[in-house]
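User: Can you walk me through this one? I'd like to start with how the elements are assigned.

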Amino acid sequence: TRLNLDQSTRGRRNSYISEVATIQENLGRLHYGLQSFAKYVPMTVVQDLLNNNTIAQAQLTEGEASILFMDLANFTTLSQSLSPAELVSLVAPFMEEMSAIMVKHGGSIDKYIGDCIMVMVNQPHPITDHANAACKAAVECMNTLPILNLNNAQNGLPELSFRIGLHTGPVLVGNFGSTSRLNYTVLGDTVNTAARLEPVNKLFRTMVIISHEVKEAAPSQLTRRLRSVTVAGRDEPTILYELLTTLDHANKIAPYEKALEQFERRQFGACVQTLAPILEFDYPSKLLSEKAEKLLVNPPTIDWSPIDSLDKL
């Protein structure tokens, strides 16, 4: 009988050990699953899903955020001139470094859209002074790019550049999609405006353009006023600013902004003269000077406005 009891006890003990091992294995799988899931959506959202003990559904709430769109310049040309392996070697470190900078300054990666990174700051977790934090992230990205390009050159890879559009304001934030597939994201005019500012850098050959709302929320940032534009769906003109780093030519800010004021007052000859000393090294000044010279030759009508449509830039 004692032998049977010992065998029974030993059997239960082995069963318990097996069950504990199974639990540990399943917990390990859960841990890896959650870690992987957090690569698709912000960790705060993952934690909320666990804490709420409910099935996720489409739901948006009102909030505030600074939205940043970063796009690689000339990506189509690069993708056509490089092999897939070379393209990955070039772009992957860039995405890794830039994404890390965004997160460092409190940003959350909303999504990667091809070679574009969409970032939200102040959602899903609040960040004090989020517009300023977004500007700091953009400036650090600009300062980091030469280091990445030095490494590219050493490995026989081409240089990279990027364009950023940054706007701040009200957003709708939360789960959006269908009953079978959801995306945690932000929606609204603030997002649309940020997306539309990014390609304007092509015209001015700048790297980062921010809106007047960002400038007001982050007045300590080094900027220069580029142009005032009308945006579809907005009653008031939007003032565009170039976000600069301390490495930029600080002596181009004052003359350009003075010339812009002269241009807006129809003082086209004075505008051209003010810009003359900085034309060689500043492309936005070249654009403004050419625009002023054309209006000197063909003076505008009395109802002329210096404010352009964003869609016609």
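Analyst: Helices here are DSSP runs of H or I with at least four residues, strands are runs of E with at least two, and both are numbered from the N terminus. By that assignment Asn132 lies in helix H5. Keep in mind that this is a predicted model.

User: Is Asn132 buried or exposed?

Analyst: Asn132 is buried, because its relative accessibility is 9% and the cut-off for buried is under 20%.

User: What does Asn132 touch, leaving out residues up to four places away in sequence?

Analyst: Its contacts are Ala218, Ser220 and Gln221.

User: Stepping back, how many helices and strands does the chain have?

Analyst: There are 11 helices and nine strands. The chain has 313 residues, and 43% of them are buried.

User: And the contacts, what share joins residues at least 24 apart?

Analyst: That share is 67%, counted among contacts between residues at least 6 apart in sequence.

User: Which residues sit on which side of S3?

Analyst: Cys116, Met118 and Met120 are on one side, while Ile117, Val119 and Val121 are on the other. Each of these residues is buried, which leaves both faces of S3 covered.

User: Which way does S1 run relative to S3, and how many bridges join them?

Analyst: Strand S1, residues 59–72, runs antiparallel to S3, with six bridges joining the two. Leu68 has Val119 as its bridge partner in S3, and Ser66 stands opposite Val121.

User: What about S2 and S3?

Analyst: Strand S2, residues 107–113, is also joined to S3 by six bridges, and this pair runs antiparallel. Ile113 stands opposite Cys116.

User: How many residues lie between S2 and S3?

Analyst: Two residues lie between them, and the two strands form a hairpin. In the turn, Gly114 has a positive phi of about 65°.

User: Over how many bridges does S1 pair with S4?

Analyst: S1 and strand S4, residues 162–177, pair over 14 bridges in the antiparallel sense.

User: Switching to cysteines. How many disulfides?

Analyst: The count is zero, with a disulfide taken as a pair of cysteine sulfur atoms within 2.5 Å.

User: Are Cys135 and Cys271 buried or exposed?

Analyst: Cys135 is buried, because its relative accessibility is 0%. Cys271 is buried too, with a relative accessible area of 0%.

User: Last topic, cavities. How many of 30 Å³ or more turn up?

Analyst: Searching the whole structure gives one cavity of 30 Å³ or more. The largest cavity holds about 40 Å³ of space.

User: What lines the largest cavity?

Analyst: The lining consists of Leu90, Pro93, Phe94, Leu148, Asn151, Asn152 and Leu160. Helix H4 (84–104) and helix H5 (130–154) are the elements that give two or more residues to that lining.

User: And how many of the lining residues are nonpolar, polar or charged?

Analyst: Five are nonpolar, two are polar and none is charged. As for helix H5, that is where Asn132 lies as well.

Terms used: Residues numbered from 1 in each chain as written. Predicted model: local features only at pLDDT ≥ 70, side-chain atom pairs only at ≥ 80, totals over all residues. Heavy atoms only, no water. Buried < 20%, exposed > 50% of the residue type's maximum accessible area, 1.4 Å probe, protein only. Pairing = 2+ DSSP bridges. 1 Å grid on protein atoms, 1.4 Å probe; cavity = no way out; pocket = protein on both sides within 12 Å on 5 of 7 lines; lining within 4 Å. Points joined across faces, edges and corners; volume = space filled by probe spheres on them. Nonpolar A, V, L, I, M, F, W, Y, C, P; charged D, E, K, R; others polar. Contact = heavy atoms within 4.5 Å.
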